[in-house]
Amino acid sequence: MLIKCNAADHLYLIKDDPVRPELFEDDSVRFADPFHVYAEVNDETGEIAAVVCVVVCKFVPQDEVQIQAVAAGKLTKIEKALAEREKVHGALGTVLCPYSVWSYQRGHGRKLINNLLEAAPILHPKVDAVITMSPMTDTALGFHLNNGADIFSTNEDTINYEYEVPDVILH
């Protein structure tokens with residue numbers, strides 16, 4: 001079961017982040033809009049089984065500096081370029097970017113990503129794409145490709161993987 005985490009109850013989870021443990025001086029930033037933290041809860045035990053940190057933005061982050069700039073509100077160069085592009089091409093899409101994911105229980109990282117993809121159109125209705133910012137490791141490559149992602153771009157220190165966002169079907 002996917003849950004949205006909050007800093008008051010879930011800040012302690014961030015200390016376990018093996019991907020970007022030192023990204024922010026104050027980890028509560030990860031819980032403040034446009035950042036979000038989600039967890040997969042094991043249905044049988046009720047324990048948190050996996051965690052993902054995401055940011056919602058108008059571009060695909062390619063490095064930690066860009067993620068930190070989002071948090072600090074210092075995107076003037078990128079925002080200026082995006083504004084110019086929107087003038088020419090119209091409104092740009094919005095990206096949900098998972099930048100760190102880890103699992104405490106085998107198989108729950110996959111479950112977390114699948115549940116996040118299914119919930120993304122409801123949790124973040126303005127999101128057009130889910131594109132990760134992942135480390136250049138064999139583990140990340142295997143994880144994302146095995147979970148249905150495609151390589152979107154290769155950067156100096158990261159790889160962006162794109163997941164298909166499913167259509168919302170309300171019953």
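Predicted model: local features only at pLDDT ≥ 70, side-chain atom pairs only at ≥ 80, totals over all residues.
Residues are numbered from 1 along each chain as its sequence is written, and side-chain values use heavy atoms, leaving out hydrogens and water. Strands are DSSP runs of E with at least two residues, while helices are runs of H or I with at least four, numbered from the N terminus.

**The neighbours of β4**

- Strand β3 (residues 48–57) pairs with β4 in the antiparallel sense over eight bridges; pairing requires at least two DSSP bridges.
- Within this pairing, V52 stands opposite V101 in β4.
- Strand β5 (residues 129–131) runs parallel to β4, joined by two bridges.
- L96 has V130 in β5 as its bridge partner.
- From β4 the chain crosses through helix α4 (residues 108–123) to β5 in a right-handed β-α-β crossover (clockwise from the first strand over the helix to the second, with the strands pointing away from the viewer).

**A look at H36**

- You will find H36 in strand β2 (residues 35–41).
- H36 counts as buried because its relative accessibility is 8%.
- Its side chain makes a polar contact (here, N or O atoms within 3.5 Å, one able to donate a hydrogen and the other to accept it) with the side chain of K4, at 3.0 Å.
- Leaving aside residues up to four places away in sequence, H36 touches K4, R30, V52, C53, V54, V56 and H124, with contact meaning heavy atoms within 4.5 Å.

Methods. Buried < 20%, exposed > 50% of the residue type's maximum accessible area, 1.4 Å probe, protein only.
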